[in-house]
Amino acid sequence: MLKSLVVGGVVMVGLMIPTVAFGQFNGPISPTLETETTVDPQVSPLELQQFVQVIKQFQRIETVVQRQMAKTIQKEGLTPERFMEINESQRQLRSESVNSSEDLEKFRKIVVKFQEIMDDAEEKRQSTVVTQGLEVERFLEIEKIVSSNSQLQAKVQRMLGN
């Protein structure tokens, strides 16, 4: 559930590019809880801080996922470019003669490993939400509120140091 809503699902073409709730966030988070009232009364300052902490953890998880995926491709003996090339040919249902059977086998092994990596990351994401003191459903509600409120988005960006 969280994977499809928050992470937006990972399409094979974009496996090397993570997506988290409304984009990539970078930068340090202020370690102190903001005491000012949030722009939206539906989200308390504490919940907003918890939300920001979850997003920060999601970034770390996605960084690890990217590294694991890159290592998986390398370990199987393909380049990222070749992997993407095979992926594109598979998506367009081109004849397998475009790709060697050896490369296709490597590609399939990588895809299986990617699914394992993504499943593990999904478990970590859900655990992160709970560890930060939010329920998954509430996190998703806050994400929806933030994504529909430009002032609240700006506040989250500031809290993330962007």
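Glu116 and Lys113 both sit in helix H4, 3 residues apart, or about one turn of the helix. They form a salt bridge, with the closest N and O atoms 3.9 Å apart. Glu116 is partly exposed, at a relative accessible area of 45%. Lys113 is partly exposed too, at 37%. An α-helix has 3.6 residues a turn, so residues three or four places apart point the same way. This is a predicted model.

Elsewhere, salt bridges with shared partners link Glu47, Arg138 and Glu141 into one network. The whole structure holds 10 salt bridges.

Arg82 and Glu85 lie in H3, 3 residues apart, about one turn of the helix. Their salt bridge brings the closest N and O atoms to 2.5 Å. Arg82 has a relative accessible area of 17% and counts as buried, because the cut-off for buried is under 20%. Glu88 and Arg91 repeat the spacing: both lie in H3, 3 residues apart, about one turn of the helix. Their closest N and O atoms are 3.0 Å apart in a salt bridge. Glu88 is partly exposed at 26% relative accessibility. Arg91 is exposed, with a relative accessible area of 53%.

Now step back to helix lengths. H4 covers residues 101-131, which is 31 residues. From first C-alpha to last, H4 reaches 45 Å, close to the 45 Å expected at 1.5 Å a residue. Helix H2 (residues 45-75) also has 31 residues. H2 reaches 45 Å between its first and last C-alpha, again close to the expected 45 Å. What follows these helices? Just after H2, Gly77 takes a positive phi of about 90°. H4 is followed by Gly133, with a positive phi near 95°.

Val136 is buried, at 14% relative accessibility. Its C-alpha is 6.9 Å from that of Gln126, 10 residues away along the chain.

H5 (residues 136-147) also meets helix H6 (residues 150-160). Their axes come within 6 Å and cross at roughly 110°. H5 is therefore roughly perpendicular to H6. Ile145, Val146 and Ser147 of H5 make the contact with Leu152, Gln153 and Val156 of H6. Those residues divide into 4 nonpolar, 2 polar and no charged.

Notes. Residues are numbered from 1 along each chain as its sequence is written. This is a predicted model: local features need pLDDT of at least 70, side-chain atom pairs count only at pLDDT 80 or more; totals for chains, interfaces and linings use all residues. Side-chain values use heavy atoms; hydrogens and water are left out. Helices (H or I, at least four residues) and strands (E, at least two) are DSSP runs, numbered from the N terminus. The expected span of a helix is 1.5 Å times one less than its number of residues. Axes are lines fitted to C-alpha atoms, for helices over the stretch in contact, and angles run from 0 to 180 degrees between N-to-C directions. Angles under 35 degrees count as roughly parallel, over 145 as roughly antiparallel, 65 to 115 as roughly perpendicular and the rest as oblique. Contact means heavy atoms within 4.5 Å. Ala, Val, Leu, Ile, Met, Phe, Trp, Tyr, Cys and Pro count as nonpolar, Asp, Glu, Lys and Arg as charged, and the others, Gly among them, as polar. Buried means under 20% relative accessible area, exposed over 50%, partly exposed in between (1.4 Å probe, protein chains only). A salt bridge is a side-chain nitrogen of Lys or Arg within 4 Å of a carboxyl oxygen of Asp or Glu.
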